[in-house]
Amino acid sequence: MLDKAVMRLSGVHKLLGLLAGLDILQAIFIIGQAAGLSQAITGVWGGKPLEEQLLPAMCFFICYLGRHIIHYLKNEHLDRFSSQQASQLRGQLLRKIFELGPHIVQKEGSGNVITMALDGISLVENYLHLILNKMMNMSIIPWLILIYIFYLDWESGLVLLIVFPIIIIFMIILGYAAQARADRQYAQYQLLSNHFLDTLRGLDTLKFFGRSKSYSKTIYQTSENFRKATMNALRIGILSTFALDFFTTLSIAVVAVLLGLRLINGQMLLFPALTILILAPEYFLPVRDFSSDYHATLDGKNALQSIQKILKTPSIRQEQVSITTWNNDSCLELEDISIAYGEKKLFAGTSLTLSGYQKIGIIGMSGSGKSSFINLLSGFLGPEKGDIRIDDVQLTNLDQEDWRKQLLYIPQHPYVFEMSLRDNITFYTPSASDTQVREAISVVGLDDLVASLPEGLDTRIGNGARPLSGGQAQRIVLARAFLDRERRILLLDEPTAHLDIETELELKEKMLPLMDNRLVLLATHRLHWLHQMDYILVLDQGKIVEMGTYDDLLAQKGKLYHLKTAMGGSHD
């Protein structure tokens, strides 16, 4: 149950040492509490004056108070430790996600990553608190109690010693069943998270095409599957708790019957018999506590393993080197590269040289590898093999701070942050003046939007603040790029793929000036962009099948020619 990753957490060994010491002290108080109560009852039963029982009664109350003070101290230390570790783990997870880039979110699913960073961390925090406390309690307290019971009566101690492993074996058997159910439940939880978020993102499209009601049935079925998986897990958890309570109660009853028979036959005194009877439930209590929280620890363990899976994902980050600012004489060379994408190999054996200020079009149908190529150039993906050089500086990949500081990126799904319009536009250039911001707004055609906003540039937009159309979001991204005059490399990944043709052609006129005096790489499947490109890469099934100018490629009547024919274009 204790994940190995827990033992690698900072400060865990010191905490375990502290818990062990407190558990030993707590076990002594439990024994003292039972002995004090038994002594007081035995004295009264024996006809002694009540005044003589003040000392054992005082011992009982002191031990009772001490036991609960220690319980409070343990919870305080565990709360502090688990909270600190959860905070650190969330920071590590977010840093790793930013380091790995968008492909890890695509691989794991946006909904899953979001719930992992929010609910998953909370589950881990609860898991750390429970597992460390319950495991230490179960490892120390029963055995100290058992030693004292053996001291009082070895026969009762032997009965309890024999029963304990049987209960543990029974817990392990039920634990495997509960683990399988919990795994299925967590898998359904991840699926539901991804499915629900994707549905919310596509709600406008579903509503537009009249598919929202029918698609709600899919959401309902996914949530039903999660409900059933949860109920199955709870059923096993409740069954295991009931069975454990039954067996521990039966064991205590057996001990009580044996003690009673020996008391009747005069083979045992009342004090040790009463003390053992009081301590027997305390002996099984740590196991019962562990069983009652078993399902919660399984949820936390699954969340921790999912987080650790991302944290252990190899990063392509290498030693940072100095890269000069891109200029008209700069050169980027890719030699014999290939990218591992799942079980596929993309761009195997590709060699390519990009130099100076030029506009390069990357054309291909959906799934041809355009986004993977852009991710390679942005440093989010590293080549499985091959060499990369920038102005004779050898690199294993492009995950370099000096390289990223030179990139402007316009994706097919631009993200508008929930902040003011001004802050969104000045995202790359926070020091831009109002005059510069107004100029950028005018260039990209956002004047009407600004005029319609109640607080102008200071109006909060994005997410739940104020929704924007796809064209407005793209214009904001263009305004960001327009403000930044220093970055000389422009990466565009299907920037107008989801816009209507009228909006696209209007934005195209705004985008073309941004491409001057820059190295531009434009991934698209819209052929009208190719007339403005200096050089074209034609991609098909993860390979660069053609390279050259627009006119030369059409004259060859190869892949680009047939692609344009299939899309109904002319061959002028």
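Modeller: Buried means under 20% relative accessible area, exposed over 50%, and partly exposed in between; with those cut-offs in hand we can read this structure, which is a predicted model.

Colleague: How do F60 and F61 fall on that scale, buried or exposed?

Modeller: F60 has a relative accessibility of 18% and therefore counts as buried, whereas F61, at 52%, counts as exposed.

Colleague: What describes a pair of aromatic rings?

Modeller: A pair of aromatic rings is described by the distance of the centres together with the angle of the planes. In this model the rule gives a count of ten aromatic pairs, and one of them joins F60 and F61, whose centres are 5.2 Å apart with 70° between the planes, an edge-to-face arrangement.

Colleague: Why is the pair of F417 and F427 stacked?

Modeller: The ring centres of F417 and F427 lie 4.9 Å apart and the planes meet at 10°, so this pair counts as stacked. Because F417 belongs to the loop between β6 (407-410) and β7 (419-420), while F427 belongs to the loop between α12 (421-425) and α13 (434-444), the pair ties together parts that are ten residues apart in sequence. F417 is partly exposed, with a relative accessible area of 27%, and F427 is likewise partly exposed, at 41%.

Colleague: Which charged end sits over the ring of F427?

Modeller: That is the charged end of R480, placed 5.3 Å from the centre of the F427 ring. Another such case is K508, which lies over the face of W529 at 5.3 Å from the ring centre.

Colleague: Which residues do ring pairs link into a cluster?

Modeller: Ring pairs link W143, F164, Y283 and F284 into a cluster.

Colleague: Turning to the nonpolar packing, how many residues does the largest nonpolar core have, and which of them have the most contacts inside it?

Modeller: The largest nonpolar core has 61 residues, and those with the most contacts inside it are V6, L132, I145, F284 and I307. Two or more residues each come from α1 (12-45), α2 (54-100), α4 (110-152), α5 (154-201), α7 (212-264), α8 (270-292) and α9 (294-311), and α4 gives the most, with 18 residues.

Colleague: What does I145 touch, if residues up to four places away in sequence are not counted?

Modeller: With that exclusion, I145 touches I30, I31, L279, E282 and Y283. There is also a second, separate core of 44 residues, which includes L421, A481, L483 and I536.

Notes: Residues are numbered from 1 along each chain as its sequence is written. This is a predicted model: local features need pLDDT of at least 70, side-chain atom pairs count only at pLDDT 80 or more; totals for chains, interfaces and linings use all residues. Side-chain values use heavy atoms; hydrogens and water are left out. A nonpolar core is a set of buried Ala, Val, Leu, Ile, Met, Phe, Trp, Tyr and Cys residues joined through side-chain atoms within 4.5 Å. Buried means under 20% relative accessible area, exposed over 50%, partly exposed in between (1.4 Å probe, protein chains only). Helices (H or I, at least four residues) and strands (E, at least two) are DSSP runs, numbered from the N terminus. Contact means heavy atoms within 4.5 Å. Rings of Phe, Tyr and Trp (its six-membered ring) pair if their centres lie within 6.5 Å; planes under 30 degrees apart count as stacked, over 60 as edge-to-face and the rest as tilted. A charge sits over a ring if NZ of Lys or CZ of Arg is within 6 Å of the ring centre and within 35 degrees of the ring normal.
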